[in-house]
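Please look at the structure first.

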Amino acid sequence: MIKREIPVIGISTEIDIPGRISVKRKYVDAVLQAGGIPFILPFTDNVQILQSVVSSIDGLLLTGGGDISPVIYGESTLPECGECCRDRDDFDYALLRLASERQIPVLGICRGMQIINTYFGGTLYQDLPSEYKSTITHRMKPPYDNKQHTVTLVEDTPLKSLFNKTILPVNSCHHQAIKELGNDLQPMAISEDGLVESCYAPNKKFVWGVQWHPEFMCTEKESQKIFEEFIRKCRE
């Protein structure tokens, strides 16, 4: 594999809106700012094309978006579950599988972390307000660059080492969350009400998930650190 000085980061796309394939600019800006080259991954169900595409990137960024179909983690869909797009679920799963086979770094944000969790056999709360009583509002109103609540960073984890602190203020824009953590995953951050807000795979080179949206705060030093660490691993 060719070692590039500037790593190419494949960014998963949203296909929830009919006739449109899109990526929020904040993800692109965050990758650029951290020193990577953003590459918008084309949506397709052609495995050979996906293999070729994933073979040309140095890291995978799984972005946020709509709800994941509960069928994937073996549950019936509750009325409170939002609209799902099985095509996107299958697309993200294929990308994650191919990235795992190549052992390239993966960063999952919000839905992206939930994809990682369910891929490793975990489950989700389909709707926090109805399934998980809390005084915290996890689905904040814009602008999303404001802090909504804090998370506690777990000792002896890469995220704790990266920030060298225990409490981290974060933004929050989700109504689903990790219920059962996937196999081979470990928590890196816990919200004030006990939810897993970040996880990683200790036995993988770099597979991280964060429930909040650091891309909306990528001008802040602390949020930059997550992308910078991701890009650093992609250079190795």
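In helix α3, the residues R88, D89, F91, D92, Y93, A94, L95, L96, L98, A99 and S100 are buried, where buried means under 20% relative accessible area, exposed over 50% and partly exposed in between, with a 1.4 Å probe and protein chains only. The cover over these buried residues of α3 includes α2 (47-54), β3 (59-62), β4 (106-109) and α4 (111-119).

The model is predicted: local features need pLDDT of at least 70, side-chain atom pairs count only at pLDDT 80 or more, and totals for chains, interfaces and linings use all residues. Residues are numbered from 1 along each chain as its sequence is written, and side-chain values use heavy atoms, with hydrogens and water left out.

Helices (H or I, at least four residues) and strands (E, at least two) are DSSP runs, numbered from the N terminus. Helix α3 covers residues 86-102, 17 residues in all, and reaches 24 Å from its first C-alpha to its last, close to the expected 24 Å. The expected span is 1.5 Å times one less than the number of residues. After α3 comes Q103, with a positive phi near 60°.

Axes are lines fitted to C-alpha atoms, for helices over the stretch in contact, and angles run from 0 to 180 degrees between N-to-C directions.

| Helix pair | Axes | Angle |
|---|---|---|
| α3 and α4 | within 10 Å | roughly 70° |
| α2 and α3 | 10 Å apart | about 50° |

Angles under 35 degrees count as roughly parallel, over 145 as roughly antiparallel, 65 to 115 as roughly perpendicular and the rest as oblique. Therefore α3 is roughly perpendicular to α4, and α2 is oblique to α3.

Contact means heavy atoms within 4.5 Å. Between α3 and α4, the contact is made by R88, D89, D92, Y93, L96, R97 and S100 of α3 and R111, I115, I116, T118 and Y119 of α4. Between α2 and α3, the contact is made by V47, L50, Q51 and V54 of α2 and F91, A94, L95, R97, L98, A99 and R102 of α3.

Elsewhere, H149 lies in strand β6 (residues 149-153). Is H149 buried or exposed? H149 counts as buried because its relative accessibility is 5%. Leaving aside neighbours within four places in sequence, the contacts of H149 are I136, H138, L168, P169, V170, S172, S191, E192 and E197.
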